[in-house]
Every structure is written in C-alpha cells, then in structure tokens.
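Thanks for coming, everyone. Please look at the screen, and I'll walk you through it.

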Amino acid sequence: MTTPLGCTSRVIRVSRVNLDLAFSSYDPVPRPEMMTVIVNPIYQAMNDFMAWESIHAHHLSVFFMIIATGLLFNEGQSAPILVEQFHALGCAAFSMDSITRGASVASVQAMVLMIHFSYWTDRSGSEIRWLYNGMCVRIAQMVSCVACVQ
C-alpha cells in the first residue's frame, strides 16, 4: 500500500537522522519503544491490521514530530513544505486528547519534541519554548502522580 508517509524504512531513516543529529545528548524516544509502540501500530493500522482507535493521539504526535524534526536536516526541495505539514499534524494530534485526563509518557515525549522543533526552527522564539517547557513539566508531574497512585 502506498501512503503519504512512505515505507517503514524511510520513516526509520528519517527518524534516525532526527535522533542522531537533533538529540545528540539524550534520546527522548528510545528506538525500541518508537518501533514497537509507535511506528509498527501506525503501519498496521494503515494496512487494516488493527484499528486506528487503538493508537493514542499523543503517540501519533510523537510520530509526526519525529518525522518533522528529522526532515529539518533533509536537503530535498520539498523538505520545508513537508516539515511544516508534519509539524502541523504533530500539533493537531497532540490536541486530540486531553492532557488533563489522558496524560502519559507519550504526552511528555511529544512536548519535548515540540520544544526541540521550536528550538531548531526559530531560535528567537523563546517565549513559545518557555510555554512548552512549563506545560511539559506540568504534564510530567501529572504522569508521575498517576504512576505513584497506581
């Protein structure tokens, strides 16, 4: 099946660029987790092997933000357009689920990826990064409180 995202190997290649170049000091999404929790379910849903409803919106956000950030380092002629499209998809996917009721580790990962995307695309826009950082910390606190209760 042909998809706008391309084949799995292309997604893996773009994500490696992202994880190797953009995040040289740490890895916000471990590669095994990215494959088993995010990439494989998305491609299984595209091939009708599983339901889209089983994929959490914040996992989709992580997926799109990884692709958007990875494409920042791509030299292709259409890369800037694709970067903006995947960034918009990542933000839209993040807003699909409530962070007050559905916060998870994927929510924190998506926020970290949004912070880094903002850093790589607009070095003068520190205000949005401060907002994202504050939200990320608050979401991480909510996730840790839920984990402590369980």
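Where is Ser104 found? Ser104 sits in the loop between helix 4 and helix 5. Helices here are DSSP runs of H or I, at least four residues, numbered from the N terminus.

A word on the source. This is a predicted model, where local features need pLDDT of at least 70, side-chain atom pairs count only at pLDDT 80 or more, and totals for chains, interfaces and linings use all residues. Residues are numbered from 1 along each chain as its sequence is written, and side-chain values use heavy atoms, leaving out hydrogens and water.

Back to Ser104. Its relative accessible area is 21%, so Ser104 is partly exposed; buried means under 20%, exposed over 50%, partly exposed in between, with a 1.4 Å probe and protein chains only. Ser104 and Ala140 are 36 residues apart along the chain, yet their C-alpha atoms are separated by 8.1 Å.

Now helix 2. It has 16 residues and should span 22 Å at 1.5 Å a residue; that expected span is 1.5 Å times one less than the number of residues. Its end C-alpha atoms are 21 Å apart, which agrees. Still, helix 2 bends by about 35° at Val39. The bend is the angle between axes fitted to the seven residues ending there and the seven starting there. A proline, Pro41, follows within four residues. Buried residues in helix 2 include Val39, Pro41 and Ile42. After the helix comes Asp48, with a positive phi near 60°.

Last, Ile139. Not counting residues up to four places away in sequence, Ile139 touches Phe94, Ile99, Ala103, Ser107, Val108 and Met111, contact being heavy atoms within 4.5 Å.

Conventions. Helices (H or I, at least four residues) and strands (E, at least two) are DSSP runs, numbered from the N terminus.
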